[in-house]
Amino acid sequence: MGFVSTRDASHVTDAAGAVLRGLAPDGGLFVPQEIPAFTAEEIAAMAGEPYNAIAARVLERFLPGFDHGELAGFAEAAYSGFDDPAVTPLHALGGGLWTLELFHGPTCAFKDLALQMLPYLLAASVKKCGEDHTVAILVATSGDTGKAALAGFSDVPGTKIGVFYPDGGVSDIQRAQMVTQEGANVQVLGVRGNFDDAQTGVKQIFSDGALSERLRRRGIVLSSANSINWGRLAPQIAYYYAAYAQLLTAGAVRMGERIDFTVPTGNFGDILAGYYAKRSGLPVERLICASNANNVLTDFLRTGVYDKNRPFLLTMSPSMDILVSSNLERLLYLVGGSDAQTAAWMEQLRAAGRYDVGAALRDRIAAEGFAAYCADEAQTAQTIRETWAERGYLADPHTAVGLCAAAQHRRRTGDDRPCVVLSTASPFKFAGSMLSSLGQPAAGDGFAALRALSAFSGQDVPAPLAGLEDKPERFCGVVAPAAMSESMEKWLVE
Ligand SMILES: *Cc1c(COP(=O)(O)O)cnc(C)c1O
């Protein structure tokens, strides 16, 4: 099984090539030519297995050319630092509703599941492609991805990681998380500008042919860790299987019984991983796409028209403040079936910010199980309050958007089948928004908010956040956008 580009299926590469390149040469995204299939017996056998074993089983099917033992070792290395033995534990809320807590990793958010694994996949892909250079990852971040990438790549042999963040454009906690990062192969720089300036600067570095050539002569190849890389998507498929296995173990479902997943969505990566789980045999009925007030995906899934020409809203679930959901391209190719048509829609998106897939494809996507709901700021805050008052559970704002969507779906359809809501961040990561949603007074800076939320809820601040205030700052540099390339090259070759 090879991997093809969503925009030109005659570009074929293997799994290692797809991971190493990230993006296809034509700008498309790599997808597997065939979707593997798990039998009911294989899924039933996952019940009671440790997370790492399930992850290795799922990954070996979605990354042909990587063997089971190798992947089991990577999973062990990637997930050993999680603070829960189940890695992604289920929390029962009652009434056939569970949260799947994806925030037990080093940065307290779900991107750890993919970014703790990707460095091992990348380093192995370099070797499988017969090369021996160092992979240097460059990331522009609005906060969370940068820290998750730093934590994942820190001290992984054969890799280096450089992160740019907008100076003054990230929260106190996010900045502290990044500038205190340990590891001999890491670099963090502030950029005098906003996130777009940082991202534009990184894109310029990637497209600078002369710079690439100078680095290559020094044995360094640049790569990106962004969410369109197949090496980030594949590890996310595993936790859908792990969730079902936990429900089987708990006797909450019988093998084969179909369940719903509700997924707080931004770039469409997480929910697409759920679609791959469904297509590969996991008994899933609905994939409920939950958006915040930036509801471009809700509109798309309901109307077939994707239109990013709308105001960009800042919400308390910032990781879902996205108007271009890159991974949707994979769904259009998978369900629509045409590379040329996918390429045409992506060109319309680039040129006009809009495309219309038509009612027929919209209906086929719905028939594949997709439903869509959104929650505005007031609904999100209300869900946080009610979930705490009625179920004693602190749901972060992203998770609350998911819970609100799940409730809307149940109300509209009357369906009460088991539903797992993906919980994508620790509430302590968004302590200020949690406090205001819970009707508590504002707490000063981010660290004071952590303490206040802990006092309010009686829950401990997670260790990775609790220790931050006292950690020494290692990276104080701030550069102008025009100096990003030079500073990064100097660091890479030193
Ligand atoms: C990135 C992120 C999301 C959205 O995930 P996508 O894969 O982009 O859909 C949701 N919640 C949190 C906390 C995130 O960091």
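Predicted model: local features only at pLDDT ≥ 70, side-chain atom pairs only at ≥ 80, totals over all residues.
## Overall make-up

Residues are numbered from 1 along each chain as its sequence is written, and side-chain values use heavy atoms, with hydrogens and water left out.

## Size, surface and charge

Along the principal axes, the C-alpha atoms fill a box of roughly 60 × 55 × 45 Å.

Of the 494 residues, 57% count as buried, meaning under 20% relative accessible area, with exposed over 50% and partly exposed in between (1.4 Å probe, protein chains only). The accessible surface comes to about 18500 Å², and carbon and sulfur atoms hold 49% of that area; the areas come from the Shrake-Rupley method with a 1.4 Å probe, and for residues only the protein chains shown count as cover. Among contacts with a separation of 6 or more, 75% are between residues 24 or more positions apart, where contact means heavy atoms within 4.5 Å.

The 41 positive and 54 negative charges have mean positions 3 Å apart. Lys and Arg count as positive and Asp and Glu as negative, without His and the chain ends; the place of a charge is NZ of Lys, CZ of Arg, CG of Asp or CD of Glu.

## The parallel sheet

An open sheet of 5 strands runs in the order E9-E6-E7-E8-E16, with parallel pairing. E9 and strand E16 (478-479) are the edges, each with a single partner strand, so one side of each is left without a neighbour in the sheet. Two strands pair if DSSP finds at least two bridges between them.

Strand E6 (residues 134-140) and E9 are joined by 4 bridges. Thr 134 has Ile 220 in E9 as its bridge partner, and Ile 137 stands opposite Ser 223 in E9. In strand E9 (residues 220-223), Ile 220 and Leu 222 point one way, Val 221 and Ser 223 point the other way, and all are buried.

## Phe 62

Phe 62 belongs to helix H3 (residues 51-62) and is buried, at a relative accessible area of 0%. Beyond residues up to four places away in sequence, Phe 62 touches Met 1, Phe 3, Ile 35, Pro 36, Phe 38, Trp 230, Ala 234, Ile 237, Tyr 276 and Ser 280. Pro 32 is 30 residues from Phe 62 along the chain, and their C-alpha atoms are separated by 7.7 Å.

## Loop residues

Most residues other than glycine have a negative phi. Cys 108, not a glycine, has a positive phi of about 65°. This residue sits in the loop between strand E5 (97-101) and helix H5 (111-115), and counts as buried at 2% relative accessibility. Asp 155 also has a positive phi, near 60°; it lies in the loop between helix H7 (144-153) and strand E7 (159-166).

Gly 96 is in the loop between strand E4 (90-94) and E5 and counts as partly exposed, at 25% relative accessibility. Leaving aside neighbours within four places in sequence, Gly 96 is in contact with Arg 410, Arg 417, Pro 418 and Cys 419. Gly 96 and Ile 259 are 163 residues apart in sequence, with a C-alpha to C-alpha distance of 9.8 Å.
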